[in-house]
Amino acid sequence: MLRKIAYRFGTAALTLIGVTALMFVLIQLAPGSPIADAEDGLTPLTESERIALERMWRLDQPLPTQYLGWLGDLARGDLGNSIRDRRPVSERIGERLPLTLILNGSALLVLLLVAVPLGAAAALQPNSRLDRWSATWSYTLYAIPVFWAALMLQRLFAVRLGWLPLSGTGSDGLPLIQHLVLPVSCLSYGGVAYVSRFVRANLIESTPPEALRSARARGMTQLSILYRHGFRLAAVPLLTLAGFLIPAMIAGSVVVESVFQLPGLGTLFLDAAYQRDLPVLLAMTLLSGAATLAGIAFSDIAYSLFDPRVRRG
Amino acid sequence: MDNSNRRRSFLHNRSLRAGLLALILLSLFAAIAPALSNDPYQVDLSVTLEPPSSSHLLGTDALGRDVAARIAYGARVSLGVALMTALLSLLIGAPLGVAAGYRGGWIDAIVSRCIESVACIPTLLLAISLLAVSPASLRQLPDVLRVAIVLAFGGWIPVARYLRGEFMRLRSSALVESARASGAGEWRIVVHHLLPAAMAPIWVTAAFAAAAAIMVEAVLSFLGLGVQPPQPTWGGLLSEAREQINSGWWLALTPGLALFLSVWGFNQLGEGLRQWQDPRSTRR
């Protein structure tokens with residue numbers, strides 16, 4: 001078991017090195033020098049800043065040394081300084097992180113609260129009207145572009161009805177939760193299709209019709225059948241969803257934070273893209289890769305910990 | 001299931017029919033774009049922000065341009081990016097996946113690490129980073145091709161991953177053994193005997209790839225990083241609609257519907273193809 005976990009972390013680390021190589025290629029692809037970029041449209045650099053920048057990018061050294069040095073900095077947690085405001089990238093990420101975590105955490109909660117009961121209800125009566133209805137609607141929701149939904153909801157609830165704030169996080173005195181209603185809705189609806197179908201498929205597999213029938217005959221209620229038979233067995237596959245949901249939510253955050261002008265990591269990433277702020281861009285891409293990898297590793301390990309078939313094999 | 005049965009059930013599949021219908025309608029709309037009486041670039045400041053009427057079927061935007069014409073030209077961008085991305089993804093992903101699955105060994109090790117590394121960065125973030133960095137060779141290309149290349153950067157992953165698994169399975173099958181026994185070379189075995197067997201699911205992957213490409217292209221253009229104005233795109237139209245938040249509901253509604261219809265259409269097409277080629281599937 002321990003060997004398995006160690007192996008899993010080993011491959012995850014290898015993959016992460018692959019990701020850094022990819023990011024490093026991105027740096028090399030960027031035209032012009034980082035120094036020219038840093039001066040572009042801004043106050044010229046002082047001599048000491050120029051030297052610091054040259055040292056950071058190791059411009060005087062060959063490519064492999066540049067890459068290894070960059071990896072070394074990374075390992076020490078040094079992500080470099082933003083080209084635009086010259087503050088440490090880690091500091092800028094730190095101040096944006098809480099809002100993004102709150103946004104994604106709430107969206108995940110809402111998503112699970114809607115999708116799990118929906119999938120469970122569909123699993124109790126496969127091919128019933130409810131089952132087909134939820135399949136049709138969840139696939140329809142899945143195809144609705146997030147930013148379009150956001151625009152329409154803003155028009156309806158903020159402009160027309162005036163119930164909710166249009167954007168931002170609360171400089172207008174309204175509590176944060178009101179500002180988050182629309183963004184959280186937009187971030188969560190897309191996953192309903194995937195998660196509810198996933199729950200349905202797993203519950204059907206773990207509760208065959210014969211088991212359902214005999215449990216009903218013994219007088220068990222629908223809910224307790226699902227709880228006793230279904231979720232115990234389906235809980236593990238549910239954990240594997242982490243590997244799928246994390247990248248989807250990262251991408252969703254970028255769009256949603258942009259439309260609702262929330263100062264989180266998504267808008268930090270976008271601003272870095274608009275301003276060609278390479279250190280911030282790289283750090284954010286790496287961070288999202290690491291988060292995704294952590295999600296996949298977590299779900300793999302959870303899977304082998306809880307499922308005796310996998311554990312033995 | 002024999003072949004005639006299979007052909008008959010092709011159009012009996014509801015998802016397949018719905019998807020094809022949506023996509024044919026959109027393609028027609030894109031094809032007749034020049035025949036629409038209005039020019040998508042024609043600025044007319046005397047008719048700004050007019051609601052739908054007989055002269056402008058879907059209204060006009062803040063510069064008095066005809067929204068219907070702009071959506072029709074936007075369809076060309078979306079469908080173009082979708083097809084090109086799907087094609088590029090196949091061209092990159094198929095050889096890599098086949099080589100990794102059929103040969104195994106160090107080729108497989110390298111390809112697999114590449115797949116895992118690229119796959120753990122969300123496509124949207126990878127595309128935005130690439131467009132932001134924008135190397136000189138990329139910058140000279142037409143917008144549509146540039147966006148397609150950037151999307152294919154992550155788009156080849158599902159293709160390669162699927163084919164790798166499939167060829168790993170096929171490599172030790174009787175199919176290969178009998179072909180080899182009859183004297184076929186390795187190349188011939190792959191191209192003539194194995195690829196056809198693995199092809200049907202590839203179309204499924206391509207349809208889903210096209211749906212994803214349309215969605216991401218729209219997001220990129222909405223964020224101002226994809227196809228640049230004044231060329232009309234659905235994402236760009238929605239970005240303009242965002243500036244008219246207090247008026248002009250038709251500006252936000254119709255490009256979004258077009259976008260939804262095409263993404264939904266490709267998804268239905270993929271789902272239908274999947275059901276059609278999977279003999280175990282019951283919903284036909």
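## Polar contacts between the chains

In this predicted model, seven residue pairs, both members at pLDDT 80 or more, are in polar contact across the interface of chain B and chain A. The count of salt bridges between chain B and chain A, by contrast, is zero.

The side of chain B that touches chain A draws at least two residues from each of α4 (105-119), α5 (123-133), α6 (136-139), α9 (186-222), α10 (234-243) and α11 (249-277) of chain B. The largest share, 10 residues, comes from α11(B), and the residues of this side divide into 31 nonpolar, 10 polar and four charged.

## Extent of the chain interface

In total, 45 residues of chain B are in contact with 44 residues of chain A. The area buried between chain B and chain A is about 3900 Å², and carbon and sulfur atoms give 76% of that area. Of the area that chain B buries against chain A, B:C120, B:V133 and B:I245 supply 16%, which is more than any other three residues supply.

## Two domains within chain A

Chain A is divided into domain 1 (2-75) and domain 2 (96-312), and 18 residues of domain 1 of chain A are in contact with 14 residues of domain 2 of chain A. The area buried between these two domains is about 1400 Å², of which carbon and sulfur atoms give 79%.

Across this domain interface of chain A there are zero salt bridges and zero residue pairs in polar contact, with both residues at pLDDT 80 or more. On the side of domain 1 that touches domain 2, the elements giving two or more residues are α1 (2-29), α3 (47-57) and α4 (63-75) of chain A, and α1(A) gives the largest share, 11 residues. By class, this side of domain 1 of chain A has 13 nonpolar, two polar and three charged residues.

Notes. Residues are numbered from 1 along each chain as its sequence is written. Chains are lettered from A and ligands numbered from 1 in the order in which they are written. This is a predicted model: local features need pLDDT of at least 70, side-chain atom pairs count only at pLDDT 80 or more; totals for chains, interfaces and linings use all residues. Side-chain values use heavy atoms; hydrogens and water are left out. Contact means heavy atoms within 4.5 Å. Buried area is the accessible area (1.4 Å probe) that two parts lose on being put together, summed over both. A salt bridge is a side-chain nitrogen of Lys or Arg within 4 Å of a carboxyl oxygen of Asp or Glu. A polar contact is a pair of N or O atoms within 3.5 Å; within protein, one must be able to donate a hydrogen and the other to accept it, and residues adjacent in sequence count only if both atoms are side-chain atoms. Helices (H or I, at least four residues) and strands (E, at least two) are DSSP runs, numbered from the N terminus. Ala, Val, Leu, Ile, Met, Phe, Trp, Tyr, Cys and Pro count as nonpolar, Asp, Glu, Lys and Arg as charged, and the others, Gly among them, as polar. Domain bounds come from an automatic or database domain assignment.
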